[in-house]
Amino acid sequence: MLSVLRTDMPIENPDPTADQDYLKALMMEVATSRDKTSFEILFDRFGPRIKGMMEKSGASSDLAEDLVQDVMLTVWRKAALYRPDKGAVSTWIYTVARNARIDRLRRLPAQPYIDVETVMVASEDESPEAEAIGSQQGDLVRSALEKLPSEQRQVVEMAFAEYKPHSEIARDLDLPIGTVKSRLRLAYRKLREELEDLG
Amino acid sequence: MTVHHHLDDASIMRYASGDFDEAFAIVVASHIAMCDDCRAAVRAAEAMGGAVMEAADSSPLEADAFDRLSRMLDMEPEEPLLTPGPTAGKVPLPLSRLIGGDLDQVPWRTIVPGMQRHRIDIASSTSSLYMLKIAPGRKMPEHGHGGTEMTLILEGSYSDVFGQFAAGDIADLDEHVEHQPFVDSDIDCICLVATERPTRFKGMVSRILQPLIGI
């Protein structure tokens, strides 16, 4: 299936849509063939970003490095649970990283999150809208994100890339928490509208 | 399941970024497990997290990072993945881990006639998590909240100014809200509740109980 990839395995494809397909193909190779070469490309691609996010959210360099190991080990173990028709590879790896952070950095059980993912994997009878959103390519989400007004994008990045609680975002930006929440709501609704238009 | 009352979009974002404490995470996850729309909503918010991650600043890994991981992969036993299906019935998976799968087996404690409670002890949380079982026709005095409160209905129904809340519905209320729930089903209304600031909650309970026990 990946004979093309094997002779020429770049870390990133310059065309965003092709790049998303490339990541999915790598993930499937890991899931079905336990292919370490594909896995190493995913590791090189996401590992440094996961480390950067963990450091921004308060982890020391050593702990962030450990968390990358944790996250990528889980990606390897659970690769078969990734469903290419339900979302981008980055979305799935993001959730694995979020759960590892809850577990290790916040010392809270990630079990409720894992249970929801179990239900998601098991539920086949989803609404057409859910299917449409799930099948969207990650590049569309990325371009929707780039189109957000900077004040909305800022709170989204603080919430997701730095894992900051809403209360802390409010404090850092010297805003009422209600304003932080409404910016997040607006950003989220814009994303949904874009996805639904395309779906 | 047809659900009429959903999570606020800000709560969807909060869940997707992993910001809830344990009590709220359990209530929110239990609702999401019961609600197709909120599962789709969470997936969209997580896609946003994935897109943010793709654009995030990198921090260089140690030179031997992949080799270290690679050695661990070689030691990994190849076991088939367990993918348990969702629990059937009225108790969603995240809650069934704590109370089992049968609402009749919950060790209820009567606090006043017509109102029973089961407190769920969680080690880490600054918020309280408990279940309530309230008899048909029971009306609570109007009350406000000391902080955010989330109530997930598991069985029966109640009504208040926001409408009727039945199994699967969640009331995602912030501290500015005042309401007066009234159990309008002909069976007991059973719900799962997370509240911030337990001390203020005590005040609320005593206000609820005051007219019922005649003090």
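Colleague: What makes the 113 residues of the largest nonpolar core a core?

Modeller: This is a predicted model. The set counts as one core because its members are buried nonpolar residues joined through C-beta atoms within 7 Å. B:I12, B:V28 and B:M48 touch the most other members. Helix α3 (residues 36-54) of chain B gives the largest share, eleven residues.

Colleague: Which residues does B:I12 touch?

Modeller: Leaving out residues up to four places away in sequence, B:I12 touches A:Y188, B:L7, B:C38, B:A41, B:V42 and B:A45. Contact here takes C-beta atoms within 7 Å. A:Y188 is one of the residues that B:I12 touches.

Colleague: How do you know that chain A and chain B are in contact?

Modeller: The cut-off is 7 Å between C-beta atoms. By that test, 70 residues of chain A are in contact with 55 residues of chain B. Several helices of chain A each supply at least two residues of that side, among them α3 (36-56), α4 (61-77) and α11 (177-198). The side of chain A that touches chain B has 36 nonpolar, 14 polar and 20 charged residues.

Colleague: What makes the span of α3(A) close to the expected one?

Modeller: α3(A) has 21 residues.

Colleague: Where does the kink in α3(A) lie?

Modeller: At A:F46, shortly before the proline A:P48. The bend there is about 35°, taken between axes fitted to the seven residues ending at a position and the seven starting there. After α3(A) comes A:G58, with a positive phi near 110°.

Colleague: Which elements make up chain A?

Modeller: Chain A has eleven helices and zero strands. Of its 199 residues, 46% count as buried. That label takes 20 or more other C-beta atoms within 10 Å. Among contacts in chain A with a separation of 6 or more, 63% join residues 24 or more positions apart.

Colleague: How many residues of domain 1 of chain A are in contact with domain 2 of chain A?

Modeller: Chain A is divided into domain 1 (1-125) and domain 2 (127-199). 13 residues of domain 1 are in contact with eight residues of domain 2. On the domain 1 side, α2 (16-33), α3 and α5 each supply at least two residues. That side has three nonpolar, six polar and four charged residues.

Colleague: Why is A:R107 called exposed?

Modeller: A:R107 has 9, so it counts as exposed. A:R107 is found in the loop between α5 and α6 of chain A. Its phi is positive, about 55°, although A:R107 is not a glycine. Most residues other than glycine have a negative phi.

Colleague: What makes A:D174 buried or exposed?

Modeller: The limit for exposed is 12 or fewer. A:D174 has 6 C-beta neighbours inside 10 Å, so A:D174 is exposed. A:D174 is found in the loop between α10 (166-173) and α11 of chain A. Phi of A:D174 is positive too, near 55°, and A:D174 is a residue other than glycine.

Conventions. Residues numbered from 1 in each chain as written. Chains lettered and ligands numbered in written order. Predicted model: local features only at pLDDT ≥ 70, side-chain atom pairs only at ≥ 80, totals over all residues. Contact = placed C-beta atoms within 7 Å. Helix = DSSP H or I, 4+ residues; strand = E, 2+ residues; numbered from the N terminus. Nonpolar A, V, L, I, M, F, W, Y, C, P; charged D, E, K, R; others polar. Expected span 1.5 Å × (residues − 1). Domains from an automatic or database assignment.
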